[in-house]
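Biologist: I am new to reading protein structures. Could you walk me through a few features, one at a time?

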Amino acid sequence: MKGQIIKIRSGKYFVKSESREFVCSARGGLRIKTDGIVTGDFVEFNEKTLTVDKILPRKNLFYRPSVANIDAVNVVVACPPPPDFLLLDKLIVSLCAENVEVFISVNKTDIDRDTFDRIKKNYGEAGFPVFSVSAKTGDGLNELKEAFKGNLVAFAGQSAVGKSSLLNALFGLELKTGDVSEKTLRGKHTTTAAEIFDFDDVRIVDTPGFSAITPDLLPEELGLFYPEYFERLKDCKYRGCTHTGEPGCAVEKAVKNGELCEDRYIRYKTVFNELKEIQSKKY
C-alpha cells in the first residue's frame, strides 16, 4: 500500500493511507540512511507486517526540520522578538530554490503595526504575499486560511513569534505555546517534532522551526531567487549580472531610484559575499 508519513515518534512511523492511519516500523536499511524516512514522505508499506518498505521520490527535502514534499511555507514574523531580516532573506531564498511557495504572516499586529509596514516594504514589493494577522484577536485569519487551500503548508519563523498560537487560532488545535524571555528577547521552542494535521482542504505541518539556513547556491545564482531582481535581469547590461557592482545594472538603478527596497539589497550583497566565501573555501 501507499501512504504518507504524518509523524514519527519513538522509532514508530505513523502512515496515513486514504482515511486510515497505520503505526509502522521501518526496514533496517531505511532507518540508517542519512536521508532516511522523514515526516511528509510518501512511502510504500506492508499492511500485514506494518513495515515501511520504500520511500517514494520526493518533491523536496529539508533537514532542519526533517520534512519532505511541502507545497508552501508560511513564514511567521512578529515583534517581540525583533525580526532577524537577514535570517528571513536566507530562509526565503532557500525555500524559493526548492520551488516552495512562500507566504509571510506578520503576527501580533494588534499591538504592533510598525513591523508589518517594514515587512510589507521589504517583501510585499518583492512579490511575496504578506498578511497582517493576530492570533489573539483573530484579525486576518480567514484571509490567511483561504490562501492555504489545496496546499501542504509548513510554518517557519523565529521562536516565540506565535507559530503555535496561530495554528491554534486557525484550526482549533491545542498546541503548547511559549513566551519571549524578558532577559534575551528571544523565545523558546515549544514544538519538538514535525507533524502533519489535516483540515479538509488545508494540510498543515507543525515543525520545530527552520534553523541553520544557508542557501546551497553558487553566488551567481543568488539573484535568480529574488523575484524582483530576476524580473529586471533582462534590463541589465550584462547577461550574467550579479547585481553587485557591474556597470549598467538595472537592479542597482532601481534601488537608487527608490523602486526597490535598499535594506533588502544591502542584505542581498551580504548573502552574496557569504556564498562567495563558502565557494572559495571549497577550492
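Modeller: Happy to! Keep in mind that this is a predicted model. Let's begin with a turn: the hairpin of S1 and S2 has two residues between the strands, and serine 10 there takes a positive phi near 50°.

Biologist: How do S1 and S2 pair, and over how many bridges?

Modeller: In a regular strand, side chains alternate between the two faces of the sheet. Here S1 (residues 2–9) and S2 (residues 12–17) run antiparallel and share five bridges. Across from isoleucine 8 you will find tyrosine 13 in S2.

Biologist: And which residue has a positive phi in the turn between S2 and S3?

Modeller: That is glutamate 18, with a phi of about 55°, in a hairpin that again has two residues between its strands. S2 and S3 (residues 20–26) are antiparallel too, over five bridges. Phenylalanine 14 has valine 23 in S3 as its bridge partner.

Biologist: Now a helix, please. How many residues of H5 are buried?

Modeller: The general idea is that an α-helix has 3.6 residues a turn, so residues three or four places apart point the same way. In helix H5 (residues 163–171), seven of the nine residues are buried, so this helix is mostly covered. Among them are Leu166, Leu167, Leu170 and Phe171. The cover includes strands S8, S9, S11, S12 and S13 as well as helix H4. Just after H5, glycine 172 takes a positive phi of about 70°.

Biologist: What about lysine 108: buried or exposed?

Modeller: A residue counts as buried under 20% relative accessible area. Lysine 108 has 19%, so it is buried. This lysine sits in the loop between S9 (101–106) and helix H3 (114–124). A polar atom of the lysine 108 side chain lies 2.6 Å from the backbone oxygen of proline 80.

Biologist: Where does glutamate 228 lie, and what is it in contact with?

Modeller: Glutamate 228 lies in helix H6 (residues 227–230). Its relative accessible area is 5%, so it is buried. Apart from neighbours within four places in sequence, glutamate 228 is in contact with Ala126, Leu260 and Arg264.

Technical notes: Residues are numbered from 1 along each chain as its sequence is written. This is a predicted model: local features need pLDDT of at least 70, side-chain atom pairs count only at pLDDT 80 or more; totals for chains, interfaces and linings use all residues. Side-chain values use heavy atoms; hydrogens and water are left out. Helices (H or I, at least four residues) and strands (E, at least two) are DSSP runs, numbered from the N terminus. Buried means under 20% relative accessible area, exposed over 50%, partly exposed in between (1.4 Å probe, protein chains only). A polar contact is a pair of N or O atoms within 3.5 Å; within protein, one must be able to donate a hydrogen and the other to accept it, and residues adjacent in sequence count only if both atoms are side-chain atoms. Contact means heavy atoms within 4.5 Å. Two strands pair if DSSP finds at least two bridges between them.
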